[in-house]
Structures are given as structure tokens and as C-alpha cells.
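Please open the structure in your viewer and keep the selection tool at hand. The stops below say what to select next and what is there.

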Amino acid sequence: MKRLVWFSSALVLVAVGLSIHLVTAGGTSARSGRAAVRVSRAAPTGAIVRARRLLGLTTGPATLDLPASAPLVGNLGPAAVPSRDGRYVAYNTWRWAKQIDWQQSLGSQGIRTGDPLGWPALRVRDLQTGADVALGAGSLSAAWRADGELAYAQGTTPDYLANTPYLRDVVVRRTPAAAPVVWSSAPDRYLVEGWAGNRLVVRRELPDGGADLVVFDGPRSMRPLASGAELLAIDPNGSDVLVAENLGTTPAPAVRLIAVADGHEEGRLPLAGIIDPTTKAAITSVAGPGDWRRDRAVISSSSGLVVLHVTGGALSIEQVMHVDSASKPGGVFYEPRFTDDSEHTIVAWADLPASSGRQSAQFVCDRFALSCTESAPVASQAAPRPVYDESGGDQ
Amino acid sequence: MTARIAILALVTAFVCVSPAQAATNVFFAFHRSTNTNSYLTINREDTFSGKILSQQGFRAGSGSSTNECQTGVGWLPTGWYDIVGHFDNYNGSLIKGRVWQLSDKRCNGGTGTLRTQLFIHSEETSDQGQYCPTSGDDPFCWEGTSDYYSDGCIKLAHAQPYPSDIAKADNDWDAWDGRHGYFTSVTSVFVS
């Protein structure tokens with residue numbers, strides 16, 4: 001059976017290889033290849049949050065009341081999330097119960113299972129008035145609907161306890177000042193990923209690791225969307241999502257295009273068919289959150305970046321960019337975003353493998369020129385995070 | 001009188017603790033190499049001298065990406081962990097059978113994602129058997145090398161020749177430590 005799987009994968013590989021949009025270089029179109037990296041001293045660009053400093057939004061810089069920090073959300077979503085009208089930014093904060101040396105075990109520092117490890121709390125900054133208010137202790141991960149409704153996860157307790165499941169509800173506020181309405185029927189390990197129109201896409205972690213994606217059609221109305229899958233991006237129209245199934249959950253990992261309305265699969269790209277142009281080998285993993293504009297999405301991969309073309313329910317590979325540092329352990333890109341609607345340039349962050357993860361840098365990649373500019377390194381502890389909302393759809 | 005009571009208490013405490021428990025310590029060491037071909041050892045050391053008295057090593061896997069900050073995908077972050085529990089018949093939704101649960105760990109030496117729900121486990125049923133109903137990949141059936149991939153945990157093989165690696169590690173644990181359930185005193189795992 002395994003031979004059959006490999007044979008099928010090989011066929012798919014050939015088919016997908018033929019579907020890659022191979023276009024010539026010359027700065028007017030994108031082609032797959034190895035991106036040259038130029039190290040610069042440039043400051044990070046785009047909308048970012050770095051501790052208390054919020055930069056790059058059209059409303060100008062702002063200083064938040066507390067530093068943005070989201071260790072529980074991690075790479076699964078943004079630390080700070082702007083509302084669609086640009087008036088608000090919801091941002092994650094975190095306060096540790098005590099200083100922890102993470103190279104040492106918790107037990108050796110007197111921390112036992114069940115001891116408070118820290119306290120998450122979302123805050124909402126009104127960029128017009130400067131008001132900066134907490135949504136409640138134990139809240140984390142946020143997404144704004146086009147009409148201004150705000151969804152997030154609300155812990156059943158304010159404390160995150162060491163080595164203990166942190167259960168939370170999915171709640172929605174009509175406005176930041178309105179009372180929260182609980183959408184989940186029971187607390188679980190929820191993380192809000194984004195709105196798809198008026199439906200809410202949520203990650204539900206499983207007790208043993210791994211996660212499913214679920215959809216809330218409204219209060220107390222949850223259904224499965226994709227099991228054993230991670231969100232890559234939400235369609236700007238809110239109709240579809242791109243999800244990843246990686247090798248930890250399936251021997252045939254793939255990118256899947258799924259209709260949010262009914263969960264049916266519209267397209268599938270096996271990773272075996274996404275070939276790194278430098279190594280000539282299939283990529284081994286993909287990760288989100290990525291960015292989806294019009295009919296194009298960018299996601300990070302085990303060797304750099306992949307740009308996908310999505311149209312009419314069909315999914316194809318537009319470009320595979322190999323970046324040397326991203327193919328090394330610990331060097332994968334985080335949260336790649338197109339810098340504008342031309343989708344010409346991609347900005348992403350990565351930890352620098354040579355620093356063993358102690359330093360990070362921003363990479364700005366011109367995907368037509370196949371070149372990236374690496375910013376001056378910053379300590380990972382203080383690395384900026386991009387400010388964005390993964391949500392899509394106008395309703 | 002007080003001194004006599006103190007000495008008596010000290011002697012009683014010493015007698016009540018078996019020599020093996022008092023003098024030795026069990027820990028795991030996991031050396032990352034690739035997602036499907038890394039190395040895990042279980043070790044029994046002399047508590048006072050640190051000398052390794054017994055050791056057994058196994059091929060082991062971790063994650064499906066070498067980025068330790070990727071929740072659910074990346075391999076285990078480096079550093080020391082506590083083993084907070086050991087179970088012979090764990091019955092989770094994705095993980096079953098013989099497992100060791102590890103403590104939470106923040107990646108990149110404490111600068112990134114807080115990784116949670118971490119285990120050492122295999123692909124087996126809660127009664128330590130194999131459930132292979134299909135000719136494809138079954139979650140509680142060890143089919144081969146690709147099973148070393150995980151959602152970010154450490155995986156040992158449940159493969160012939162028996163005893164399998166997960167069984168050998170469990171046998172060593174039972175012989176050298178023997179605790180089951182959740183622990184109040186911690187045992188360590190070192191990931192490098």
C-alpha cells in the first residue's frame with residue numbers, strides 16, 4: 001500500500017510540476033528559484049508591534065499601555081490585530097508569574113504542575129482617543145469582523161497553570177465596549193483564527209497535541225472544518241480557507257482548499273508535488289498564518305516561501321522560493337505577508353539559525369527579482385510582530 | 001530528648017527509602033538530529049556522583065519540522081524538562097498506551113512560543129497493542145519510518161522485533177524508577 005502511495009505521489013508530483021507557472025525572469029513576473037539574500041541595516045517595515053510600540057499603521061505610531069506579548073498564541077496568530085476600519089487594535093499581553101529560566105526545567109525552579117505560570121489578557125487600543133482597555137483576565141487571540149464585531153478566546157480562569165490544560169470559551173463582542181456573548185457550548189482549548197464572512201474559524205487544540213479547525217456559524221453552533229489541520233489563510237471573500245496537513249498527522253501531507261460553508265474539499269496540493277527549485281526535493285512542511293490577496297496566497301515552507309494561485313476553486317503552485325536560511329533548522333519564516341495588493345513583495349520574519357534562535361530578522365522579498373533584504377538582527381525576545389487580521393469577507 | 005527524636009526520625013527516613021531510590025535517578029536525554037532519526041536514551045545515574053549506571057538508547061522522532069517554535073509541527077525545544085507523569089494505558093484521543101508527559105517549554109531559550117501538551121509516546125492502543133484496520137496509515141499502528149513524525153512530541157517505535165523500543169523504555173522505567181500516574185517529585189528530560 002505504501003508503494004501505491006509513493007507511486008501516486010510521484011504521479012501527482014509530475015502533474016503538479018507541470019502546473020507550476022514557470023515564467024521567465026526579468027522583473028515583470030514571478031518564477032521559482034533560489035532567492036538571493038542581501039543583509040542590510042534597514043529598520044523593519046510594515047505594520048508591526050514591538051513591545052509597547054505600534055508602528056506602520058496609517059494612523060501613525062502609538063504607544064500601548066502594556067507590551068504586546070502572546071506566548072500561548074505563538075506562531076499561530078498575530079500578537080496585535082487591527083480592526084477593519086483602522087480605529088482599534090486588539091493586542092495580546094502576558095504577565096509571567098515569576099522569572100523563568102527556560103533552559104532549566106520548571107520543577108528545578110520550584111514550579112509544580114498546577115502552579116500559575118502567567119496571565120494572558122487582551123487589550124483594545126482606540127487609536128482615535130488613545131483609550132486602552134483590558135477585555136478581561138484570561139483572554140487571548142482576536143479577530144475583527146468587517147462590521148466591527150470582535151471575537152476572542154476567554155479562559156475559564158485568569159491563570160495559565162503549568163502543565164495543565166487551559167480551557168477557554170469563544171466569545172464575541174458587538175463592539176469593544178459591549179458585553180461578551182459566549183459562542184461555544186463548552187470550554188475547550190480554543191484559539192480564534194479569523195472570520196470568514198460572518199463565520200468564525202477557530203483552532204481547537206486536542207488534549208494530546210495536534211489540533212482541529214472548527215467553524216462557528218453563530219452562538220452554540222459549531223461544526224468541524226478540518227481535522228488534524230492548521231490554518232494557512234482565509235479567502236479575502238470569506239468563502240474558503242487554505243489548511244495544511246503535515247507529516248505529523250498524515251503520511252501524505254498536503255495543502256487543502258476547503259469551502260467554509262459546508263467543509264467540502266475544493267482542491268488539494270500534496271507537498272510531494274511542491275518541489276524546491278534548489279534542492280529538487282519536495283518540501284516537507286508548510287505553515288501559516290499566511291496572507292491571501294485576491295487569487296494569490298503566500299505561506300511559509302520548510303525551505304522558504306510558496307505562493308499559491310487560487311481561482312474558481314482550483315489550487316495551483318505559482319512560485320516556490322528557496323531561501324537558504326529558511327531551509328536550516330530554526331530558520332523557517334513566520335507570518336509571511338504581501339506588502340501591498342500588487343503581491344510583488346513579501347515580508348516575513350525568521351529566527352536566525354546561526355544565533356540558535358536568539359536573534360530574529362525581517363526579510364523583505366521581491367518575488368519577481370528573486371531577492372530578499374534581511375534587516376538588522378534584533379533579539380528574538382524583543383522581535384517585532386506583524387500586525388494583521390487573518391479574517392476575510394465583508395460581512 | 002529532642003536530639004534523640006531527630007536522630008530517630010533521620011534513621012527511620014533512611015530505612016524507609018530503598019537504596020535504589022535513594023541513590024539513583026532516572027532521566028531521559030534526547031538528541032535532535034532529524035525529525036525521523038534522532039536519538040533518545042533512558043539513563044540511570046548515581047545521584048551523588050552523576051555516574052551513569054545503566055543506559056539504553058533508541059532511534060526516536062520528533063515533530064515534522066525542525067523549527068522548535070512551531071506549535072504542533074516543530075520538534076521539541078531544547079533544554080531541561082520535567083516528566084510530570086507516566087502512564088501505561090493512557091487513553092487520549094491521539095495518543096494511547098505507554099506515555100510520559102513532559103512539562104511546558106518556551107522555545108528559543110525562552111523567547112518564543114510556549115509549547116504545551118508534550119509527550120514521549122508511540123503508536124499503539126491503550127492496552128499497548130496494535131490496531132491496524134486499514135492498509136493505509138492508522139494512528140495506533142506502527143507501520144514504519146514515517147510514523148516517527150509527530151505533532152511535536154518524541155516518538156519511539158512500536159515495531160518488531162519485540163520487545164519494541166517503547167516496551168524497552170517502559171521496562172527500563174519500571175525497573176529503575178517505577179512510578180506511574182502524575183508525579184509530585186520531578187524527573188528530567190534533556191533535549192539538545
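Is A:Leu370 buried or exposed? A:Leu370 is buried, with 21 other C-beta atoms within 10 Å, where buried means that 20 or more other C-beta atoms lie within 10 Å of a residue's own, exposed means 12 or fewer, and partly exposed lies in between, with C-beta atoms placed from the backbone. You will find A:Leu370 in the loop between strand E29 (359-366) and strand E30 (371-374) of chain A, and its phi is near 55°, a positive value in a residue other than glycine. Strands (E, at least two residues) and helices (H or I, at least four) are DSSP runs, numbered from the N terminus.

Before going on, keep in mind that this is a predicted model, in which local features need pLDDT of at least 70, side-chain atom pairs count only at pLDDT 80 or more, and totals for chains, interfaces and linings use all residues. Residues are numbered from 1 along each chain as its sequence is written, while chains are lettered from A and ligands numbered from 1 in the order in which they are written.

**Chain A as a whole**

Select chain A, whose secondary structure comes to one helix and 32 strands, and whose C-alpha atoms fill a box of roughly 50 × 50 × 45 Å along the principal axes. Of its 395 residues, 51% count as buried. Colour chain A by pLDDT, the predictor's confidence in each residue, from 0 to 100: the mean is 91, and 93% of the residues reach 70 or more. Over residues 1-5 of chain A, however, the pLDDT is below 50, and it also stays under 50 over residues 10-26.

With 16 C-beta neighbours inside 10 Å, A:Ala51 counts as partly exposed. Then select A:Gly288 and A:Pro289, which are joined by a cis peptide bond with omega of about -5°; A:Pro289 lies in strand E23 (residues 286-293) of chain A.

**A hairpin in chain A**

Select strand E21 (residues 254-259) and strand E22 (residues 265-270) of chain A, which pair in the antiparallel sense over five bridges, a pair being two strands between which DSSP finds at least two bridges. A:Arg256 has A:Arg268 in E22(A) as its bridge partner, and among the five residues between the strands A:Gly263 takes a positive phi near 80°. A:Leu257, found in strand E21 of chain A, is buried, with 22 other C-beta atoms within 10 Å. Not counting residues up to four places away in sequence, A:Leu257 touches residues including A:Leu242, A:Val310 and A:Leu315, a contact being two residues whose C-beta atoms, placed from the backbone, lie within 7 Å.

**An open sheet and a core**

Now show the four strands of an open sheet in chain A, with the order E10-E11-E13-E14 and antiparallel pairing. Strand E10 (139-144) and strand E14 (181-182) of chain A stand at the edges, each with a single partner strand, so one side of each is left without a neighbour in the sheet. Strand E13 (residues 168-173) of chain A is joined to E14(A) by two bridges, and A:Val171 stands opposite A:Val182.

From here, select A:Val192, one of the residues that touch the most other members of the largest nonpolar core, which has 111 residues. Such a core is a set of buried Ala, Val, Leu, Ile, Met, Phe, Trp, Tyr and Cys residues joined through C-beta atoms within 7 Å. Apart from it lies another core, of 31 residues, among them B:Tyr81 and B:Trp100.

**Across to chain B**

Finally, show both chains: 45 residues of chain B are in contact with 44 residues of chain A. E4(B) gives the most to the side of chain B that touches chain A, with five residues. E4(B) and E10(B) pair in the antiparallel sense over seven bridges, and the bridge partner of B:Asp82 in E10(B) is B:Ser188. Strand E1 (residues 24-31) of chain B pairs with E10(B) in the parallel sense over four bridges, with B:Phe28 opposite B:Val189.
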